[in-house]
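Have the 3D view open as you read.

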Amino acid sequence: MKIYLCIILSWCFLYVSSQNQTVGLFQYDPGTFTGYTLFSSNETTYLIDNCGRLIHSWNSIYKPGLSVYLLENGDLLRTCRIQSSIFAGGGSGGRVERWDWNNNLIWEYDFSNSLYHQHHDIEPMPNGNILVLCWEYKNYNEAVLAGRNPNAIIDGNLFPTYIIEVEPQGNNGINIVWEWSIWDHLIQDFDSSKNNYGNVAAHPELLDINFYSGNGKNDWLHCNSIDYDPQLDQILISSRSLSEIYIIDHSTTIAEAASHSGGNYGKGGDILYRWGNPQVYRNGNILDKRLYGQHQAEWITHTTNDDGKISIFNNGQGRNYSSVDIIDPPQDSSGGYYLSPNNMFGPDTAEWIYKGSNPLNFYASYISGAQRLPNGNTLICHGTNGTFFEVDNQKNILWYYVSPIVNTGPLIQGTSIPTSINSWGNSTFRATKYANNYPAFNGLALTPGPPLELLPLPNGCNIISNISESEIKSSSNPIKILDLLGRPVKYESNKVLIYIYDDGKVEKRITLQ
């Protein structure tokens, strides 16, 4: 049996000259969730360990459009950005690829035609199908017929949210097994001659087509994430422009999804739950607004205390600071949602909120995300700065990593991150951590490579000695070694302990397993 001595950042901090370090691993403390982090900033998708070392990568010829997922069998499901002559906007994608672990492209499909175009996100389902978040094309006349104010069709068309569930077929085909469009669930009080004219405040299950921010651009909802709960058989989507999240029923047939009845909850494809900005359905006021241009709304799973709750990266657009909010939507015994006495969906506030100690210092105006981890920690992707950090439930930062990946590839350590107006720098849409025992890793030799950055600085994550247990036990005197940061490390043979010294004082005592 070999015992590998790995001194991890003095178990507290990485002692390197901060003036020389611009990217890579800055902090790795005890309590950090053990796992591997997946992200994609350019044509390459990276999987790194907690030390920032490359574990695996996949190489496409397309930039992400925008999310990536590691499936339980080890395949990578990746969105891609392709050009469209009809659809354009932030988060545009249009293509989905599936790669096996050995970098073989095993399935591909372009979700882009004259009717719809994939953007931002997808959601792999337990049955192998994929939920695809799309824009749907509606021309000027269709928009007016749906009760849109003609003065708010500045682009000459609208891109309402459209979701399709597809079953991949062969190497490059699909079978559409379910679909839903917000276009079937609209209300308005602008034009009484239209069929969907009504009292907006009395119908929170429908979306007001004339509530929009700005001057009424075609992508007036700008949904940026989609998630699925197999137990509830519900879908969760996030509208950045309206600062709301929505839950809809997935148990419906295609016909029921286009109607107002049917499915497990009897409401067809109508909105079951919404939260973040009750002004959109004419209840509450600006003081009741809770979300500000958010990203990555998702159900929390596989945790001790938070299963079934929803985590949201609340970008803070308009309030100028970001937060991570966790809410627990009120539900009845059948899994449905209900309005509070003030005709708003609860809760009144998030039950857990992370923000910077100085809130104004933590602000990601776009992209970004957060993931509640099985041990109760939260992985946060400050997307605009390409920074991933993990906090515990008491909101202490335990792990801090700055991506070195820019459009041209990895940066040399110490190089400034590009910030020009024509550069995305190291911006990253989202980061996801997978546990060491995630099924995708079964049977794989996950040998760490070098850090992603070029010419990396030495850090305490490097293995500095391989010493057998017998060598330790047979030694009459403690074995003394210096780690890569120049600190003395001592094995104590009779107790098999590691002592880490700092100026002659014991900092930590760790029992070897």
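Let's start with Phe 87, which counts as buried because its relative accessibility is 2%, below the 20% cut-off. Keep in mind that this is a predicted model. Tyr 137 has a relative accessibility of 28%, so it counts as partly exposed.

What do these two have to do with each other? By the ring-pair rule, the model has 25 aromatic pairs. In one of them, the rings of Phe 87 and Tyr 137 have centres 6.2 Å apart and planes at 90°, so this pair is edge-to-face. The pair links distant parts of the chain, 50 residues apart: Phe 87 is in the loop between β7 (76-81) and β8 (94-99), while Tyr 137 is in the loop between β11 (130-136) and β12 (138-139).

## Two tyrosines, tilted

Now over to another pair. Tyr 273 and Tyr 337 have ring centres 4.9 Å apart and planes at 35°, so they count as tilted. Tyr 273 lies in strand β21 (residues 273-275) and Tyr 337 in the loop between β24 (323-327) and β25 (352-354), so the pair ties together parts 64 residues apart in sequence.

Are these two buried or exposed? Tyr 273 counts as buried, at 1% relative accessibility, and Tyr 337 counts as buried too, at 8%.

## A cluster, and charges over rings

Some rings join up into a group: ring pairs link Phe 26, Phe 313, Tyr 354, Phe 362, Phe 389 and Tyr 400 into a cluster.

Arg 319 has its charged end over the ring of Tyr 321, 4.1 Å from the ring centre. Arg 372 lies over the face of Trp 352, and here the distance to the ring centre is 4.4 Å.

## The largest pocket

How much space is in the largest pocket? About 1400 Å³. It is lined by 45 residues, and the closest to its centre are Glu 72, Glu 123, Thr 301, His 302 and Tyr 438. Sorted by class, the lining has 22 nonpolar, 12 polar and 11 charged residues.

Which strand gives the most to this lining? That's β18, with 5 residues. Strands that each supply at least two lining residues are β6 (64-70), β10 (116-124), β18 (223-229), β22 (295-299), β26 (369-372) and β32 (431-435).

Key
Residues numbered from 1 in each chain as written. Predicted model: local features only at pLDDT ≥ 70, side-chain atom pairs only at ≥ 80, totals over all residues. Heavy atoms only, no water. 1 Å grid on protein atoms, 1.4 Å probe; cavity = no way out; pocket = protein on both sides within 12 Å on 5 of 7 lines; lining within 4 Å. Points joined across faces, edges and corners; volume = space filled by probe spheres on them. Helix = DSSP H or I, 4+ residues; strand = E, 2+ residues; numbered from the N terminus. Nonpolar A, V, L, I, M, F, W, Y, C, P; charged D, E, K, R; others polar. Phe/Tyr/Trp six-rings, centres within 6.5 Å; stacked < 30°, edge-to-face > 60°. Buried < 20%, exposed > 50% of the residue type's maximum accessible area, 1.4 Å probe, protein only. Lys NZ or Arg CZ within 6 Å of the ring centre and 35° of its normal.
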